[in-house]
Structures are given as structure tokens and as C-alpha cells.
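Trainee: Could you take me through the reading of this model, beginning with the make-up of a chain and ending with its interface?

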Amino acid sequence: MAQPSPSGERHDGPAPALAVELRGLKKTYHGDVVAVDGVDIETGEGEYLVLLGPSGCGKTTLLRTIAGLEEATEGEVLIGGNVVNGLPPRARQVAMVFQSYALYPHKSVLQNIAFPLKAEKMSKDERERKAGWAAELLGIERLLSRKPRQLSGGERQRVALARALVREPSVFLLDEPLSNLDAKLRALARDELKQFQERVGTTTIYVTHDQAEAMGLGDRIAVMYEGKVRQIGPPREVYEDPADTFVATFLGAPPMNLVRRGDHLVGFRPENLLPAELVSGNGDRVTASLDIARIEYLSGDRHIYGTLTGIGEETRVIARLPATITTPLEDGDKRDFAIHERDLRFFDAESGKQTAAQPARA
Amino acid sequence: MNTVAEPRATPPQGRAKLADREGVLAPLFLLPAVLYIIALVGIPLLLALAFAFSDVTVGDPSFDWVGFRNFDAIFDDPVFWRSLRNTVVFTVISMALTIVLAKALAMILIADFRFKWVVRFLVLLPWTTPIALAAVAWLWMLDSVYSPIDWVLRSIGLSESNVYWLGKDTLAMASVIAVHTWRIVPLAAVIILAGLISIPNDIKDAADIDGAGFWRKLFEITLPLTLPVIAVATLFGAVLTFTDMSVVYILTRGGPENATQVLPSYAFLKGIGSGDLAQGAAIALFLFPLLLAAAVAILRSVKKMETF
């Protein structure tokens, strides 16, 4: 399998094949409701791209436009280098897994998986052989004769995946495939989904509103808000170096703290705000005083809610102390906390966009 | 200012009113329907059963048991057999037409287009028109001299003379079937439309993604998924058709020469027209086992729908 170019940098030599490319994609409904507002995305062959955003941000519409279930109002969709605007879904070589799995309730698991092959007019023997192969890959051979209503949520999800896989599509489109599973099963299914994609190596575009899924699965994450892609990059980059205040506060639980200073906002992650004595170095750290209002104890970590003074305007912030830090802290304490300068991010207060580093002190 | 809520000093009070007592309400609300069914369905049904084994006529309403004499008489009556056959033909053909047309109509109605509501309104119109008015209008449409249908056929050269829609055996039956189908299609279309709407959009989208074309989607996805609803629509339609005599009665009175006579119209003709209530009741009783079978089939389809 060719290594994808997740960061999207230009390589020397021939450009790597692009599985899906979106150029200036726009989708409006009834002429005035803008669902997708000028999106440019390129995915490399075999890449796992996650579209992440709150509900209503246009991520599902974007996915449906790639699938051909919606027609783009403006811009182009390219699959395997060919413009597919105007082509029906069946001509696009894409497979999709729906949030509800959309299994055909009157067909058995085998018939469900073999249905796309039937539409390709494959012979019955060949269909069943192939459906059996897909079922084996997902470990659902023993369910083949059951009806969807006799399956658990996790089993349904595998059947939906097998049905998507069986045609050997050039792209998998997954629309929140884990959101119908309970929390415990979800973590397990996430792991299986990742292993599955690594095994088959098919380019995957995955839509979710769950940042843990996005961070865990994606080679790259495209963070969407109000129809636009706010940032696209590897999970670590998107988390540590958010392009704007939306990305900064959408990712991370608790989200990035933002403190206003003049016409800028200073941002830092809760885990980087630590008691001053634990932050080494003098010249390259910023200290401030935290007035502790409340402490939450969450599975080992301590979340400290308080008011921070000394960096900019007085602001309510959250600090997250990992279990390994045992410094005794009480409600009502006023303590010195510090942040490494390398962990500070700066945003323009007006536009919200990240800007170059600002002088540490006003 | 004290914003803390004071604990409520008064204990819970008041008592359950009539509207809170389901044990009383349930029978109370059911009572009118039960009375209605007993008075207008139960008693007439028992009366019909009793009359069928009697010699009651309009002129002599005294009840005398006569055993199976009425049944012997109608079995010897060729018009009865003709009516029975006509009823089956009338029901089967109009139901077959209704289902195909209603399914097509439902698919048009579910599509999204401008002025959809106008089309939906027009489609439902035949169902909302009182049957007597509609049938009289059709009577004029099919008139042997003034029929506008004939006029159109003549002026485009498809017919030389008048067609006599209601005057020839096969044409009369075809006309009755056509008018009845016209009347019942909207109802069936709306029932099937409800079935189509209940198919989740994801499933239709999945079929698109899976490469199914129009016919494959129709025969492998939408038809199987709406089959229970279609079955209910068919059975309701069949019951309505089987027991209906209004179209036949107004258009042809069963004629010509009993060519369009159906069981309900024949029972009416015998029982009310000729005053032989006993024979009329015996004829009408033949509807009962068939309707019972239809009712059982309806209940089964509904049960099947629940398992999806």
C-alpha cells in the first residue's frame, strides 16, 4: 500500500494519486440555505480522513455530495482523478455506511451483503462466494441466514461494513457509523474499524461529531463549522496548533482556555496550566495566579476551575492535573500556576485566526 | 430579597376525578361504538341469518322456519350464479387495476415537484365526491346518445358510431369496473403513499449507493417493504368492492340482461325490489364467509407489518 501524504505537502516527482478531490464545493438548498460553503479537500490513496464538526456544520451534506446522493451547487467532485458531478451514485465506485446502517429489513444478512453485486449482474455463485469472503473478513459468517432485526447493534454495523466492502469500492464513506452503539461497544468498534481499514487499505472518509473518534481514527482531520473547513491536518497538529478559536475550543475536553489581552486572545490547553513549582525554567514560562473555585475529580485527573489573573484580563479557566501530580490543592486556595511559553497560542480577537507569537507580557 | 424557595406547607390534596379513572373511562368511551355496532351490524346480521331460513316477505312478515328451501331456490337460479361470477370478476379486475394504478400514483405523489399540493388535491377529489353524484356524472359520460367520450372518439376518427357503453355485456362490465376503479384508486394511492413514506430515506439512499436502478429498487426494495400496506389496501378495497352496489345500481341496474348483476345488487333486487326478504337474505349471506376471510387476511398483514 502506498504511503499516503497526510500532511498534504508537495512531493518531488509525480504527484501521488488522489482518491477524492473537492474543488470549491458549494451546496445550497432552496437558493439561500448554505450547507457547504466552498470546500477544497484532497485525500491521498488509502488515507483515513475524518470530517469533524458539530451537528449542522455541513459534514454529512459534504459526504452525501461525494456519494452522489446530493448534487453540488457549485464546484467539482473528483474521484480517482475524474470529475463525477452529475453521475449517479452507482457510477461513482463509492460505498457508504449510514448512521442507521440502512440494512434492508426484509433481506437476510447474505442477501444484504450480496445486493450490490446483484446490481452489478454478477452470477449467483460468484455473489455468494464474494459475500462469504466479506462476511468472513468481518467475522459474521454465522449470521448469514439471519434477518437484520435479529442482530445486535454491533452486528448490524458489521453487516453494513461487509455490504460496503463487498464491491471493493475505491472510497468508503462512513456517516457516524458508531453513534448508534452504546459507549462501551463504541470504543471496541472504533478499534476494529481502524484495524479493518488498515487491512483493506481503502481510502476512507469518515464523518463524526465525536472528537475522540476523530483523533483515534483519522490520518488527518478536517474540522468543519458553518459549511467551511476551518482546519485540516493530522490529529496532533489540529489539537496542538489550532488554526482559529473555533478549532481551539471545539477540540479537547475541557477545551482550550482563551484569555483576552488587548486585541489578542492567549490560548493554552488545560493540561499545560500547572502549579508553578512543577513548570521548569524561568525565562520561558509565564506565571499567573489562580483563584481556585472548584475541583472536580475525574478518573484520576483533577480538573481545577478558577479565575486566572496575570496573563491578560481576569478569566475563568480550567486546569487539568494528571493523576501523577499530587500537589495538595483546596477550594478557595490562591496559587501560582505557570505555562510554558511554547504551549501558548495567540489568536486575533477580532477574526479568531491564529497569529504569530506576541510579547509574553502586556 | 429572599430567593430560596420555601418548602410547600400544604400536603398533597384533592382527589382523583372522573377523568383520572381509566377503569371507568375505557368502557364509557367504548360504549357508543359498541351500541352502534350491535344495533346496525350485529342485529341485522342475526336477522339476515334468521330470514335466510324463513319465508318472510315484505307482504307477510310472520316468521316460519323453512329450512334450506331458500338456498335450494337460489342454487337453481342461473342469475344467482351469474351474479356470483360477476362479483368475483368485478372485484378481482378492479383490484388488480387499482393496485397497479395506485402504486404508480403514489410514486408520483411522493416525488417532489412544484404544485404538488394541487396534484394531491385533484387526485383525492374522486374519493371525496359522493358516490351517487359521481355515478350520475358517469352515467351522462357514458350515455348512449350524448356521451362526450363517444364524441371525442368520433371526432378523432377512432369510432364510426356510438359505442353504447352500458348497453353491451362486456362494455357494460368494463364501464362499471372503470368507474369503480376510478373511485377507489385515490384511497389506495394514499394508503400506499403512507407505506412509501414510512420507508426510511437511508434505505432508499443505500439502494442508490448499492447501484440499484429504478426497476431493481421497485421490485427488491420498495415493493417488498410496502407489501403489507399494499395487502391492507387491497383487502380493504376488495371488501369495499365486494359489498358495493352503488356504481352498478346507478349505472346499469345490473343490466343489460344481468350482465353486470353482482351479489349485493341482486340481493337488493330480490329482497327489496321483489319483496322476498328471505331470498335476499340468503343471497347476501354468501358475502359473509368471503368477507370473513378478507378480515382475517387484513389482520395478518397488519401483524406482519409490526415485525419489520
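Mentor: Helices (H or I, at least four residues) and strands (E, at least two) are DSSP runs, numbered from the N terminus, and on that basis chain A comes to 8 helices and 19 strands. This is a predicted model, in which local features need pLDDT of at least 70 and side-chain atom pairs count only at pLDDT 80 or more, while totals for chains, interfaces and linings use all residues. Residues are numbered from 1 along each chain as its sequence is written, and chains are lettered from A and ligands numbered from 1 in the order in which they are written.

Trainee: What share of the residues in chain A is buried?

Mentor: A residue is buried if 20 or more other C-beta atoms, placed from the backbone, lie within 10 Å of its own; in chain A, buried residues make up 41% of the 362.

Trainee: Which residues have the most contacts inside the largest nonpolar core?

Mentor: A nonpolar core is a set of buried Ala, Val, Leu, Ile, Met, Phe, Trp, Tyr and Cys residues joined through C-beta atoms within 7 Å. The largest has 104 residues, and those with the most contacts inside it are Ile113(A), Ala162(A), Leu173(A) and Ala222(A).

Trainee: How many residues of chain B are in contact with chain A?

Mentor: Two residues are in contact if their C-beta atoms, placed from the backbone, lie within 7 Å, and 15 residues of chain B are in contact with 17 residues of chain A. On the side of chain B that touches chain A, the largest share, 6 residues, comes from helix 8 of chain B.

Technical notes:
Buried ≥ 20, exposed ≤ 12 C-beta atoms within 10 Å, placed from the backbone.
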